[in-house]
Amino acid sequence: MNLKKTKFIMICCVFITLLFFSNDFGIINIEKTAIVTALAIDIEKEDYVVSAQIAVPEATDTNSENQKALITGKDKTIAGAIRNIGNLSGWYPKLAFCNLMIFGKEVANENIMKVLDYFATTLRIQDSAVVVLAEDKAREILETASPLDNISSFALQKILLKETGFDRDVSTTDVRAFCAGYYSKNSSSVMPIIKLLTETSKGQEKGNSSSSSNSSNTGQNGGSSGGNGATSSNKGDTLYDATTTALFLGGKKVGELNTTQTNAFNFIMTDSKESTIKINGVGRDKINYLLNIKRSNPKRVLTIENGRLNLEFSLDLFCKIVDKTSMESNQNVEVLPLPLLVKEMAEESIKNSIIDLIEIEKSTGCDFLKIKDTLYQNFYDFYPTFKDNYLELLDYTVKVNVSGQK
Amino acid sequence: MKKELYVRQICLFFIAFLPVTKIFIMPSIISQVANEDLWISVLINVILDLFVLVAILNTCRKTNKTYIQLLEDVFGKTIAKIIMFLYVLYFLLKCFISINEQKTYVQLTLYETMPSVFYFLPFFIVCIFLCNKKMNVLGRLADVSWLLTTVGFVLLLSLSFSNVQFTKLLPVGANGGLNILHGYYRANTWFGDCVYLLFFMGKFNTDKKNNVKIILSYLGACLLVVIFAIFFFCIFTSIAGRQRFALTDISKYTTVINNVGRFDYIGIFCILFSTVVSVILPPFFACYLLRKIFNSKNTWVVSSIVTGIIFIVVILLTQYYSSIENFIFNYCNTYFILMAFVLPILTPLLLKKGEKYELKEN
């Protein structure tokens, strides 16, 4: 009898434990649960306007349905606005799968942390969600569709979270990283800016990039791939450019990095292996080259001498030629030695971009290069002396070495 | 003579149950005061617990008596019962934070929409069931759970490794000794696991070689805790103090999770399984001691009463959780240090002169 009783209790316990771990006690009706894939946050007349893009299977069939999967809530607080989405639609907005947050440009004019802090502390949303800044209204981005993805947030995530092998041309950041930057010693963070490239603007963009490539020898038009579509923005003709970066100091936007500077920023802050460098107009024949980075070794050394800070950035890149616009030999381009002129132009171009970055840091005060953090970590004793005027007392040297096949 | 526990089970007990309770809110609670020196605060706790472990193992080597028998021999039955009662109180206080963090974790992260008391009720049923069992059930559970704990930790740590910025630990000691000690003090409710060994005394065969094995397994388990604390701070840096549920958060920033989905929950569930047992350990030992104090044969009644008390405090006083948490962090930790460090480290003194060289039975 006792054995039977024990067995019965054990089976009950195992069963209850299974329920305990498997969420079977969850009582939300799945048919009333809206899986939010992205949020767009704007400010309108002192109200927060939160638009939620909802993944409804039917909504992905056509582009026009895609727009209907956007629900907007408005309130004085972010949490209130999200709650209103549920109240207005009757669908419970489940944010656990929300991997993207877009902020309108008005949000960045105030302290963006007033908004972001809610997402950083609530457990309803993952703080690994990527955050981006819209050029204008955040909602407009969610209303668009790309030629390959009806749901714009999915298309955007592909641009922001690139697989290995793509160019590192976007300074992707998530809620955690942005907040960590804000609450760090330097109160500085970065965020990619999303620009919409519709048919018309794509034409302009192409014009711009061709003219800029004449003046500037490096640069990329990241985040866009070809595609012809209809004329309106929600008919699948929109592509997204995330290659510019917004700089934040104390939660407010204080500056921007253009495409070339964003590239340089990624070169010195991350491992840029498999990214590419464009060198255009080399020599008398104006040959264009595309170099693929096979090895990247960024270093920075901060020293203190005679009451001044010395920062040395060094970047060692090993590149291979991917393509060139000349046919002087029938050899595979990958085994071709890197011409000295190309090497020098690449070094000069990257060096200038890095110098630009330091000057932008000095002018905006946004420590996106984490110099203050380095000062705190490596020279804690000197930190009180330099913490308020480290940018004024900063001297720097930049060394870039591009090597290739010999 | 066959003992209730094997040395292997004692070793696995530490690996299975020691690290799992220290990865919910403990890292954030310490980093609120010690910041990047959080790992030093953890290390202080580990080292102090190591002294306790060595003292108890040393005593075990010299006697076959249980801790309760030693207390009765030295102080008499009444004082022994008072000390046992103090330990009951210690275990009841100690389990409050752990059970609460487990409850909050389950309710807020696994059942986000309508967290209800009902969701966590099964835990108390499991608690009554386990507290009703003899000591050897812990050995059997350790035999199973160590693998789950190890798999969980390996998965979570390897997934989070790419986001760890080790330079964030610098400068070492910048927060000052006082803050580091404050961090150590606040973490006392989660440490003091070696105190369980007091009640394993006389229930396992040990010698010098086996003691080394137990110490090494303890150090292995502590290594997981220290590594987790380091990873935690190096990932969250300046916002570490706000991350109450490090367990869920630590691994999700890697690209593979973004692309594939939250498969790290496999590791989290493995750890949660071990945590259920680990969190039940204090009530288990409280029941064991209460049965000894009152010579009770009715195990169901004792385990139901103890679980009932915990249930009332945890569930019915939910709205006062913050105040209770503050009370434990600010006032109870001194009591925890007394019960989990001072008293156990004095255990060798309980041995009488002749007893120290008493031959042990095989």
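Reply: pLDDT is the predictor's confidence in each residue, from 0 to 100. Chain A has a mean pLDDT of 81, and 81% of its residues reach 70 or more. Across residues 205-233 of chain A the pLDDT is below 50, yet this stretch has 62 contacts beyond near neighbours in sequence in the model; two residues are in contact if their C-beta atoms, placed from the backbone, lie within 7 Å. This is a predicted model, in which local features need pLDDT of at least 70 and side-chain atom pairs count only at pLDDT 80 or more, whereas totals for chains, interfaces and linings use all residues. Residues are numbered from 1 along each chain as its sequence is written, and chains are lettered from A and ligands numbered from 1 in the order in which they are written.

Me: What is the order of the strands in the open sheet of chain A?

Reply: Strands of a sheet pair through backbone hydrogen bonds, either parallel or antiparallel. Here strands (E, at least two residues) and helices (H or I, at least four) are DSSP runs, numbered from the N terminus, and two strands pair if DSSP finds at least two bridges between them. The open sheet has 4 strands in the order 10-11-12-13 of chain A, with mixed pairing.

Me: Why is one side of strand 10 and of strand 13 of chain A left without a neighbour in the sheet?

Reply: Strand 10 (276-282) and strand 13 (394-404) of chain A stand at the edges, each with a single partner strand, so one side of each lacks a neighbour in the sheet. Strand 10 of chain A pairs with strand 11 (residues 287-305) of chain A in the antiparallel sense over 5 bridges, and A:Thr276 stands opposite A:Asn292 in strand 11 of chain A.
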